[in-house]
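Q: I am new to this structure. Please take me through one part of it at close range.

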Amino acid sequence: QVQLVESGGGLVQAGGSLRLSCAVSGTIFSIDTMGWYRQAPGKQRELVAVITSGGNTAYGDAVKGRFTLSRDNAKNTVYLQMNSLKPEDTAVYYCNAAGTRTWSGIDNYWGQGTQVTVSS
(Lines give C-alpha, C1' and ligand atoms only; values in the text may rest on other atoms or scores of the structure.)
Protein backbone atom coordinates (compact mmCIF):
# COMPACT_ATOMS: atom_id res chain seq x y z
CA GLN A 1 0.00 0.00 0.00
CA VAL A 2 1.39 3.38 -1.01
CA GLN A 3 1.39 6.12 1.61
CA LEU A 4 2.55 9.72 1.41
CA VAL A 5 3.75 11.14 4.71
CA GLU A 6 3.96 14.93 4.81
CA SER A 7 5.70 17.02 7.43
CA GLY A 8 6.95 20.52 8.08
CA GLY A 9 3.85 22.68 7.94
CA GLY A 10 3.03 25.25 10.57
CA LEU A 11 2.71 28.91 11.41
CA VAL A 12 5.33 31.44 10.36
CA GLN A 13 5.55 35.21 10.08
CA ALA A 14 5.70 36.92 6.73
CA GLY A 15 9.23 36.89 5.37
CA GLY A 16 10.05 33.67 7.18
CA SER A 17 10.84 30.20 5.91
CA LEU A 18 9.48 26.69 6.18
CA ARG A 19 10.58 23.36 4.78
CA LEU A 20 8.06 20.72 3.78
CA SER A 21 8.95 17.07 3.31
CA CYS A 22 7.00 14.28 1.69
CA ALA A 23 8.10 10.66 1.88
CA VAL A 24 6.40 7.99 -0.21
CA SER A 25 6.37 4.53 1.33
CA GLY A 26 5.34 1.11 0.04
CA THR A 27 6.61 -1.34 -2.53
CA ILE A 28 7.43 1.18 -5.24
CA PHE A 29 9.42 0.57 -8.38
CA SER A 30 9.58 4.17 -9.55
CA ILE A 31 7.81 7.52 -9.43
CA ASP A 32 7.71 9.76 -12.48
CA THR A 33 6.89 13.13 -10.95
CA MET A 34 6.64 14.28 -7.35
CA GLY A 35 5.66 17.63 -6.01
CA TRP A 36 3.34 19.92 -4.16
CA TYR A 37 0.04 21.59 -4.82
CA ARG A 38 -1.85 23.92 -2.53
CA GLN A 39 -5.41 24.97 -1.89
CA ALA A 40 -6.48 28.09 -0.05
CA PRO A 41 -10.02 28.51 1.31
CA GLY A 42 -12.45 29.26 -1.48
CA LYS A 43 -9.86 28.71 -4.19
CA GLN A 44 -8.98 25.91 -6.56
CA ARG A 45 -6.02 23.65 -5.97
CA GLU A 46 -2.96 25.07 -7.74
CA LEU A 47 0.51 23.94 -8.67
CA VAL A 48 3.31 24.88 -6.31
CA ALA A 49 6.19 22.85 -7.73
CA VAL A 50 6.90 19.47 -9.30
CA ILE A 51 10.07 17.57 -10.10
CA THR A 52 10.72 14.63 -12.38
CA SER A 53 12.86 11.62 -11.56
CA GLY A 54 15.54 13.22 -13.73
CA GLY A 55 15.51 16.40 -11.68
CA ASN A 56 13.61 18.71 -14.01
CA THR A 57 11.46 21.16 -12.08
CA ALA A 58 8.46 23.35 -12.74
CA TYR A 59 7.10 26.03 -10.43
CA GLY A 60 3.87 27.92 -10.16
CA ASP A 61 4.20 31.59 -11.07
CA ALA A 62 3.28 32.66 -7.55
CA VAL A 63 6.28 30.93 -5.98
CA LYS A 64 9.02 31.28 -8.59
CA GLY A 65 12.20 32.63 -7.09
CA ARG A 66 11.08 31.96 -3.52
CA PHE A 67 10.49 28.21 -3.31
CA THR A 68 12.91 25.43 -4.19
CA LEU A 69 11.95 21.81 -4.71
CA SER A 70 14.42 18.96 -4.46
CA ARG A 71 14.14 15.20 -4.58
CA ASP A 72 15.93 12.16 -3.18
CA ASN A 73 15.05 9.29 -5.52
CA ALA A 74 16.63 6.68 -3.26
CA LYS A 75 14.28 7.71 -0.44
CA ASN A 76 11.27 8.56 -2.61
CA THR A 77 11.20 11.89 -0.81
CA VAL A 78 10.77 15.48 -1.92
CA TYR A 79 11.67 18.62 -0.02
CA LEU A 80 10.09 22.02 -0.57
CA GLN A 81 12.11 24.93 0.80
CA MET A 82 9.85 27.95 1.12
CA ASN A 83 11.52 31.31 1.66
CA SER A 84 10.22 34.87 1.80
CA LEU A 85 6.80 33.58 2.71
CA LYS A 86 3.80 35.84 2.21
CA PRO A 87 0.34 35.77 3.77
CA GLU A 88 -1.04 34.73 0.39
CA ASP A 89 0.99 31.51 0.65
CA THR A 90 -1.38 30.41 3.40
CA ALA A 91 -3.03 27.19 2.27
CA VAL A 92 -3.19 23.46 2.74
CA TYR A 93 -0.25 21.96 0.89
CA TYR A 94 -0.72 18.54 -0.71
CA CYS A 95 2.04 16.20 -1.78
CA ASN A 96 1.56 14.37 -5.07
CA ALA A 97 3.29 11.32 -6.55
CA ALA A 98 2.31 10.94 -10.18
CA GLY A 99 3.15 7.92 -12.32
CA THR A 100 3.90 5.72 -9.33
CA ARG A 101 4.70 2.17 -10.39
CA THR A 102 3.88 -0.67 -8.04
CA TRP A 103 2.91 -4.33 -8.42
CA SER A 104 -0.64 -3.06 -9.07
CA GLY A 105 0.34 -0.86 -12.00
CA ILE A 106 0.74 2.88 -12.43
CA ASP A 107 -1.27 5.34 -10.38
CA ASN A 108 -1.39 8.85 -8.99
CA TYR A 109 -1.29 9.37 -5.20
CA TRP A 110 -1.98 12.29 -2.88
CA GLY A 111 -1.04 13.06 0.68
CA GLN A 112 -3.57 14.19 3.26
CA GLY A 113 -2.27 17.74 3.29
CA THR A 114 -0.37 19.93 5.71
CA GLN A 115 -1.42 23.41 6.77
CA VAL A 116 0.88 26.36 6.14
CA THR A 117 -0.17 29.64 7.72
CA VAL A 118 1.74 32.86 7.14
CA SER A 119 0.86 35.76 9.43
CA SER A 120 1.28 39.38 8.41
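Predicted model: local features only at pLDDT ≥ 70, side-chain atom pairs only at ≥ 80, totals over all residues.

A: Begin with its cysteine, C95, which lies in strand 9. A disulfide joins C95 to C22, with 2.0 Å from S to S. A cut-off of 2.5 Å between cysteine sulfur atoms defines such a link, and by this rule the count is one disulfide. C22 sits in strand 3, residues 18-25, and C95 in strand 9, so the bond ties together parts that are 73 residues apart in sequence. The angle about the S-S bond is -90 degrees, and the link of C22 and C95 is left-handed. Both cysteines, C22 and C95, are buried.

Now move along to T102. This residue also belongs to strand 9. T102 has a relative accessible area of 12%. Buried means under 20%, so T102 counts as buried. Leaving out residues up to four places away in sequence, T102 touches V2, T27, I28 and F29.

Is W103 buried or exposed? W103 is exposed, because its relative accessibility is 72% and the cut-off for exposed is over 50%. W103 still has contacts: with residues up to four places away in sequence set aside, W103 touches T27 and F29. Both T27 and F29 are also among the contacts of T102.

Definitions and conventions:
Residues numbered from 1 in each chain as written. Heavy atoms only, no water. Buried < 20%, exposed > 50% of the residue type's maximum accessible area, 1.4 Å probe, protein only. Contact = heavy atoms within 4.5 Å. Helix = DSSP H or I, 4+ residues; strand = E, 2+ residues; numbered from the N terminus.
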